[in-house]
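Hi,

Here is the structure I promised to pass on. Have a look at it first, and then read my notes below.

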Amino acid sequence: MTETNNGNTRDMIDFAEMFALFWEKKVFIILLAVICGAVMAVNTYFFTKDTYTAYLVLHISNKNAVEATEEEKIQKSDIDTSKSLSETYIEILKTRAFFKDVSKDVRRSDEWERISKCTDIEPLGETELLKISVTTQRASESYEIAYAIMKLAPDKLTSVYKAGEVEIVDPPAMPTEPNSKSLVQKTALGFIGGGMLSAAYIFMKNFFDRKIHSGDEVEKRYNIAVLGEIAE
């Protein structure tokens, strides 16, 4: 590494030296990585609660051309394909008013905010399909909320945005198995995170270390020759 003029703070990184330092401390790095991976695995397996997801798929489209007037056709040509329509529908379904209606339907009027947080709405690629997923810790609750959304969403969307039609393509079904806890993935993330944390600690400790530990370091830091050393 090279130094600033005062010789106190290092301003460049010798990657070969850092690699050698990491290799020297490899036991510490691996140990911390294993500990973090194990902690993540235990937390995921024993303390992460199961969740269940129920979902439905809606198909959205413009009104049938046979039923539309010429004026309506002109208006619909201004809509930037079904993607723009999907984005509009998503925002309508995310409103507080809609989730309050859903919460009333499932007889949880005071829980509309929680229901909104456990509901995910997304378009399926560039298609005219919308997927609405509900994830809770009970299969019956996820299904109940998804079913209420299926009942209320079409009327809500067509009443607000009258240039489209909504059709249920895939109705919700009762979840039979919990969602995967991604044990392997989370353990791997813990392992990688622990390794990065230990490597960062070693790097910071070495980079800001201002002590002289050997004659070789004096030569490298100050670019001068060492004539001799005195043992402690």
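R108 counts as buried, because its relative accessibility is 15% (buried means under 20% relative accessible area, exposed over 50%, partly exposed in between, with a 1.4 Å probe and protein chains only). R108 also forms a salt bridge with E144, with the closest N and O atoms 3.1 Å apart (a salt bridge is a side-chain nitrogen of Lys or Arg within 4 Å of a carboxyl oxygen of Asp or Glu). This pair links distant parts of the chain: R108 sits in the loop between α5 and α6 (112-117), E144 sits in helix α7, and 36 residues separate them. E144 is partly exposed, at 34% relative accessible area. For the element names, helices (H or I, at least four residues) and strands (E, at least two) are DSSP runs, numbered from the N terminus.

Before going on, a word on the source: this is a predicted model, where local features need pLDDT of at least 70 and side-chain atom pairs count only at pLDDT 80 or more, while totals for chains, interfaces and linings use all residues. Residues are numbered from 1 along each chain as its sequence is written, and side-chain values use heavy atoms, with hydrogens and water left out.

Back to the charges. R108 and E144 belong to a network of salt bridges that also links E111, R114, R138 and E141. Within it, the side chains of E141 and R138 meet at 3.8 Å, N to O. E141 is buried, with a relative accessible area of 6%, whereas R138 is partly exposed at 44%.

How many salt bridges does a search of the whole structure find? It finds seven. Another one to look at joins K151 and D105, whose closest N and O atoms are 3.2 Å apart. K151 lies in helix α7 and D105 in helix α5 (residues 96-105), so the pair ties together parts that are 46 residues apart in sequence. K151 is partly exposed at 40% relative accessibility, and D105 is partly exposed too, at 33%.

Helix α7 (residues 139-160) also holds S142. Is S142 buried or exposed? S142 counts as buried, because its relative accessibility is 0%. Its side chain reaches the backbone oxygen of Y52 at 2.8 Å, and makes a polar contact with the side chain of T136 at 2.7 Å. (A polar contact is a pair of N or O atoms within 3.5 Å; within protein, one must be able to donate a hydrogen and the other to accept it, and residues adjacent in sequence count only if both atoms are side-chain atoms.) Leaving out residues up to four places away in sequence, S142 touches Y52, T53, A54, V134, T135 and T136, where contact means heavy atoms within 4.5 Å.

Now for α8. Its 25 residues should span 36 Å at 1.5 Å a residue, and its end C-alpha atoms are 36 Å apart, which agrees (the expected span is 1.5 Å times one less than the number of residues). The buried residues of α8 are G190, G194, G195, S198, I202, N206 and F207, and their cover includes α1 (15-24) and α2.

Cheers
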